[in-house]
Amino acid sequence: MFHVEHYDVIVVGAGHAGVEAANISEKYGLKTALITKKYGDLGKLSCNPSIGGVGKTHIASEVDILGGVICKIGDKSAIHYRVLNLSRGPAVWGVRAQIDRDLYSKNMQMYIRSSKIEVIEDEVVNILQKNNKIVGVDCINKGRVNSKVVILTTGTFLNGKIYFGNEIEDAGRIGNSSSKELAKFINKNFKTTRLKTGTPPRIYSKSINFDILETQISENNGIFLSYFTKQNTNKSISCFITKTNKKTHKIIMDNLDKSAMYSGIIKSQGVRYCPSIEDKITRFGDRNGHNIFLEPEGLNSDLVYPNGISNSLDKKTQLKFLKSIKGLESCEVDQFGYAVEYDSVDPRELKHNFETKKIENFFLAGQINGTTGYEEAAGQGIYAAIHAVIKIKKIKFNKDIFERKNSYIGVLVDDLTKLGITEPYRMFTSRAENRLKLRTDNAYERFSDVIISKTFKNSEYKLISKNIKTEKKILDKLFSLKYSPNDLLKKNIKVKKDGKIRNGFEVLKFLDPSTRKFKQFFKISIDQKILTKIYYDSKYEVFYEREKRSYDQLNKNKDMNLTNIDFNKIPSLSREILEKLNKYKPENLHDAGKISGITPSALFQILKHKKIKGSKVA
């Protein structure tokens, strides 16, 4: 008799959303299958071999503290680090790690092999349901596989097509066929749209003249992707910077008719925040060149990823414009850049827990929901799996942590399920109302209610527990210390002679965040990571209440009339925001806030503008 496998959870697709979903599902004790077309594609960095950046690191750090793997595997495979916005406060710090592409796949596959996740190398062609409730999936080779839950994480593979100019292939990425049969099921049952992304060419490093280019060395400041990483033992490499020029721009402009995006072959919306080189030249061609970051793909790789020149031009034009760029005059190409077009589901088809409204126990995560980026996908994967666990095992879980005021994952989920998308969604800190509180250095505190030992190694769980207890002990001591203005002036701390007695926590913001000075002043030993966190809590405390008042004011004025406002006269609004406001012409502030991509900060600027102009504001 033919045997049909039974699982609690089947995850379809083994990209960043898929591995996070399968990992957390298995850690919570559910029998989990991860289905992928090729085992070698597990944990593949499809495009840029890097993890992190402003907004992206924030989501990744939340995945990390929930028991996810993207940050740990990222640090284990990193060969170059930078911290964006380091001169500013930690609310907008963005750790960005350049990753060895092969090492990342190797480490991820090793991790999955060490787990109880069963990897099935097959293609899912249909989702099986009975009375609008999941019963399993149908695979090409294995046939029917039963499960209580299916989490679909297909990335760019649903009806995927790749474009090199007028040359078209059916593929989700180069070398990987698209999922056509599964796309039929999705398009039949859900509202879908076509989206586009792209990738640049890959260049042989030996053909690049690095000697004449600007070098960008790796920063060694002890700040990593994962909360648990103590050091990176990989060899560090340098990246290099070059830029386009007038000759490059002319070549591209003269050949726009050969671009799949500009010839009319592709009609879908691409990633606004990662524009193709064609978009950059046509929209900002007057600039004196656009930066290109030449990023080695690995310690043992002879390929370089030229970040900044994604395109859908024909191969001949690509080679021509590449050779016009400083340092690339003799370049040789391994793989040309291309655009990818694929089906995605309108995320408003999902409940807030990422379960589809039409089919019970069917969850979607990753680029299928209209997002872009590894980190956004990872956040959705772990979020969908946690809610699948909640449903199957009926566990107690503080869902409030996924409110938008408490986490970037919450912001992403709320934006997607309520606003939908008009273009691939990318996370920015400006999308969050409480970004001063949603920092990478305090994720463990925000998620402390749901941190459980089974999702971590014993040493990792002990580290979190120890640091939480140590921080509480230090804070208790700081709050017990009292200082008058005269006490502080004697210690060369300039404060007003207002007679106010300040506790140690309030005084902390006047000091430098140095462990030596902290110990010298308060007579308390402290770890640098904990000090940085509580120092900025102290420094930002006055702004937390101000931030709350500002958003209360937004809510009070949600019905404020906008029909008579000229948005173009608000200088602080970005071009993107202006385009959307002028297109949709919202009647009031509430309607403006429902437009996908309109950030809280943009609403503040509109409110402020109306107030300055004399309109009544609550």
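**Note on two loop residues, a helix pair and a sheet**

1. Asn 492 sits in the loop between helix H13 (485-490) and strand E22 (502-503). This is a predicted model, and the points below should be read as such. Asn 492 has a positive phi of about 65°, although it is not a glycine. Most residues other than glycine have a negative phi. Is Asn 492 buried or exposed? Asn 492 is exposed, because its relative accessible area is 71%, and the cut-off for exposed is over 50%.

2. Asn 159 belongs with the previous point. The phi of Asn 159 is near 50°, again a positive value in a residue other than glycine. Asn 159 lies in the loop between strand E9 (143-152) and strand E10 (161-164). Its relative accessible area is 25%, so Asn 159 counts as partly exposed.

3. Next, a helix pair. Two packed helices are described by the angle between their axes and the distance between the axes. For helix H1 (residues 16-27) and helix H9 (residues 374-393), the axes come within 7 Å and cross at roughly 30°. H1 is therefore roughly parallel to H9, as angles under 35 degrees count as roughly parallel. The crossing of H1 past H9 is right-handed.

4. Which residues make the contact between H1 and H9? H1 supplies His 16, Ala 17, Glu 20, Ala 21, Ile 24 and Ser 25. H9 supplies Tyr 374, Ala 377, Ala 378, Gly 381, Ile 382, Ala 385, Ile 386 and Val 389. By class, the contact of H1 with H9 has 10 nonpolar, 3 polar and 1 charged residues.

5. Now the sheet. Strands of a sheet pair through backbone hydrogen bonds, either parallel or antiparallel. Here, 4 strands form an open sheet in the order E11-E10-E19-E12, and the pairing is antiparallel. Strand E11 (167-170) and strand E12 (192-199) are the edge strands, each pairing on one side only. Neighbouring strands of this sheet are turned by 25° against each other on average, direction ignored.

6. One pairing in detail. E12 and strand E19 (residues 338-345) pair in the antiparallel sense over 8 bridges.

7. Helix H5 (residues 180-189) lies across E11, E12 and E19. Relative to E19, H5 runs at about 40°.

Notes
Residues are numbered from 1 along each chain as its sequence is written. This is a predicted model: local features need pLDDT of at least 70, side-chain atom pairs count only at pLDDT 80 or more; totals for chains, interfaces and linings use all residues. Side-chain values use heavy atoms; hydrogens and water are left out. Axes are lines fitted to C-alpha atoms, for helices over the stretch in contact, and angles run from 0 to 180 degrees between N-to-C directions. Angles under 35 degrees count as roughly parallel, over 145 as roughly antiparallel, 65 to 115 as roughly perpendicular and the rest as oblique. A crossing is left-handed if the near helix is turned anticlockwise from the far one by less than a right angle, and right-handed if clockwise. Contact means heavy atoms within 4.5 Å. Ala, Val, Leu, Ile, Met, Phe, Trp, Tyr, Cys and Pro count as nonpolar, Asp, Glu, Lys and Arg as charged, and the others, Gly among them, as polar. Buried means under 20% relative accessible area, exposed over 50%, partly exposed in between (1.4 Å probe, protein chains only). Two strands pair if DSSP finds at least two bridges between them.
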